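Have a look at it first, then read on.

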Amino acid sequence: MTRIAIIGATSGIAEHCARLWAGRGHDLTLVGRDTARLDAVADDLKVRSPVSAIDTLVASDFLDPQAVDMIVGALCAERPVDIALIAHGTLPDQQACQNDGALAADTMLVNGVSPALFAEAFARHMVPVDRGTIAIIGSVAGDRGRKANYVYGAAKGLVDRYAQGMQHRLANTNVRVVLAKPGPTATAMTAALQTKGQRMASPADVAKRIVAAIDRGSPVVYAPALWAVIMAVVRLLPRPIFHKLNI
Amino acid sequence: MELSGWGRYPRVDAQVAFPTDATACARAVTASQTIARGLGRAYGDSALADDVVAMCGLDRFHAFDTETGLLSCDAGVSLDEILTLLVPRGWFLPVTPGTRFVTVGGAIASDVHGKNHHVDGTFGDHVVAIDLLLGNGEVVRIGPDAQPDLFHATCGGMGLTGMILSATIRMRKIRSSLIRETTVKARDLDAILAAFETHGSATYSAAWIDCLARGKSLGRSLLMLGEHADEGPLAPRTKPPRAVPFDMPSGLLNRATGKAFNALFYARGPSTVRTRTIPYEPHFHPLDGLAEWNRLYGRQGFVQYQFVLPSAEGLRRILETIAMSGQGAFLAVLKKFGRANRNLLSFPTEGYTLALDFKAAPAVFALLDLLDRAVLDLGGRIYLAKDARMSEAMFKASYPNWQAFQEVRARHHAIGRFASHQSKRLGLS
Ligand SMILES: Cc1cc2nc3c(=O)[nH]c(=O)nc-3n(C[C@H](O)[C@H](O)[C@H](O)COP(=O)(O)OP(=O)(O)OC[C@H]3O[C@@H](n4cnc5c(N)ncnc54)[C@H](O)[C@@H]3O)c2cc1C
Ligand SMILES: NC(=O)c1ccc[n+]([C@@H]2O[C@H](COP(=O)([O-])OP(=O)(O)OC[C@H]3O[C@@H](n4cnc5c(N)ncnc54)[C@H](OP(=O)(O)O)[C@@H]3O)[C@@H](O)[C@H]2O)c1
């Protein structure tokens, strides 16, 4: 019986991962900040998979290290979960972040520090039993700082380095760390961009790739796959050329 | 972004909101005059407006009761998802249109019918409750016994009473996902009309009719009858549809459907061509195997003309006009409807309904205006979910409940809040 915990379980991408896992009959614990929104996700999963045990855990503080330890401690009380998906994130307007230090700080904490704290807390439970998978949703925005979203991107870059370091540390163990880097995806986070007509991947397709990468224990997965190529080019572009691009 | 209905005519520029929950829907509704959009399977301009709210992001199931078969889900859940989930558990939709790629919200808003209309009525007849977001931002739960005026305006109301957020529908129990399908050959119009009478108790029935046949063969058809099989697997749909890669010149669909029809029709044998047990998809959703088949009509798009006449009288006249024009597609679908329900703008009324594709061209629009007059004279009307061009006068003359509909809308804060290009064209401001 596979047990999975999802942090930020009301996220559109995470919800589609949960549907795939429920379809396999796995048990899920959904962690989020809003009871009503969590229940809506849980009810849906229960209809999709009557055999799965679907639980919810409401938590108000994702930033406080002690609170994070308590949440993860509760999830791993009997035994560590088999898979932890750390999905929460927020994408405020870049210019608003430039003009508002508090918003910028919050953006960097929620997208960068918080996921790292959760990942480390899960590792503390998984390493002693030498099993489990920690999956974190980063972003293509973390691959190179860009004017369009570098506050968010910097935090995603932190997650990238953190996952890299954990992978290095746990290379000779049976604990896997998977970093997912979606491109633009049609979820609540990007609703305004969708209205502007920007093309997006479907969260169902992105989730499929993430779940497959978790199955394999791949260290890094871009979703959709094309973004691996695009970001390889973006990372390699010489600065003079890069600086001329309006991206 | 550019939007169109399934017929790809007309195409308009629209601002589209993408809510993922009720709160975001309410924000979109109170911000501007809008119309809800499901999977865009209505052919014309029912789900088109300057501001559109895409409902597909509301895609959660709420509850399924295995005792009663009552399913509650968001309006953006598709019939395809429902079938995929519940067919393996022995449940089927009470009513399914000819494609399963429609949303629950769209199925209610058009009060869609299937091949079992003569025995089971419309989709709305199996809806127990609707959560409706009104123009003032309020959400009300309505049903046949809860604010029935609003319920009977919303089922078939083309999104003009409010946004359907979620609904509870009664599913049908099945023992197998297979369908026992019998095909009956009818040499002319009289034969097919007689066949509908003879097979009046079949659960599912609809006919393919050859619209190019003239003279003695006028109305020659193949009547497809179906029953849920008693034995067999409970298999969900598995094969993903193949896509049409680019806009095709029109006429291709004619050749393909024509071949299939003729092969069966000219097969030797008595009046019953064949009985076979097949998966449910080819029986109910024959075109869903080919994704985006609407591109087969080419870039200019097409319109589907679907009307209902209270009696078979006049059907001959209309078929003759269509055959002589040479404009229509090779095949049309002919079906005998059962009685009408109480929903104010619901399309089905007792009689015969015919649905036929035409490519969107000036000569076609002239022909359809002519057909409109004939349909009106014969006491019939056109299906709003297929319409892209009928006049306000035609609509108001053939949907006598339109005023009662407007009164319900006025009472429930819908006027000025919900409007589509279609509703404006039809004078439902
Ligand atoms: C191949 C094919 C076969 C078909 N066969 C049949 C058939 O056999 N019988 C039949 O009856 N119809 C049939 N149809 C028509 C189709 O069932 C209807 O047009 C249906 O309404 C489409 O649903 P949708 O989700 O795509 O809605 P859309 O096309 O996006 O919208 C249709 C209408 O529903 C409204 N609407 C959509 N969602 C909501 C919501 N959440 N709240 C309020 N209003 C909403 C829209 O405003 C619009 O007026 C067929 C269509 C195709 C393409
Ligand atoms: N969508 C994209 O284009 C895209 C691209 C690349 C990467 N990503 C990443 O993918 C992940 C999932 O995003 P999504 O697209 O699925 O977005 P989403 O649907 O908007 O979900 C965002 C999630 O983050 C939670 N959250 C937001 N702020 C929080 C906070 N301060 N504290 C705790 N939880 C908070 C939300 O919880 P509530 O429900 O309580 O608000 C929700 O669960 C994120 O890490 C995102 O950065 C997304």
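## Overall build

Bear in mind that this is a predicted model. Chain A is built from 10 helices and 7 strands. Along the principal axes, its C-alpha atoms take up a box of roughly 55 × 40 × 35 Å.

So how does the radius of gyration of chain A sit with that of a compact globule? For 247 residues, such a globule would come out near 18 Å, and chain A has 18 Å, so the two agree.

## Inside the fold

Of the 247 residues in chain A, 51% count as buried, meaning under 20% relative accessible area. Now take the contacts in chain A with a separation of 6 or more: 71% of them come from residues 24 or more positions apart.

## Surface and charge

Chain A shows an accessible surface of about 11400 Å², and carbon and sulfur atoms hold 55% of that.

As for charge, chain A carries 26 positive side chains and 21 negative ones. The centres of these two sets are 11 Å apart.

## Where chain A meets chain B

On the chain A side, 17 residues are in contact with 15 residues of chain B. The two chains bury about 1200 Å² between them, with carbon and sulfur atoms giving 50% of that area.

Which residues of chain A lose the most area to chain B? They are A:Val47, A:Arg48 and A:Thr195, which together make up 44% of what the chain A side buries.

Definitions and conventions:
Residues numbered from 1 in each chain as written. Chains lettered and ligands numbered in written order. Predicted model: local features only at pLDDT ≥ 70, side-chain atom pairs only at ≥ 80, totals over all residues. Heavy atoms only, no water. Helix = DSSP H or I, 4+ residues; strand = E, 2+ residues; numbered from the N terminus. Rg over C-alpha atoms; globule rule 2.2 N^0.38 Å. Buried < 20%, exposed > 50% of the residue type's maximum accessible area, 1.4 Å probe, protein only. Contact = heavy atoms within 4.5 Å. Areas by Shrake-Rupley, 256 points an atom, 1.4 Å probe, with all protein chains shown as cover. Lys, Arg positive; Asp, Glu negative; His and termini not counted. Charge placed at Lys NZ, Arg CZ, Asp CG, Glu CD. Buried area = accessible area lost by both parts, 1.4 Å probe.
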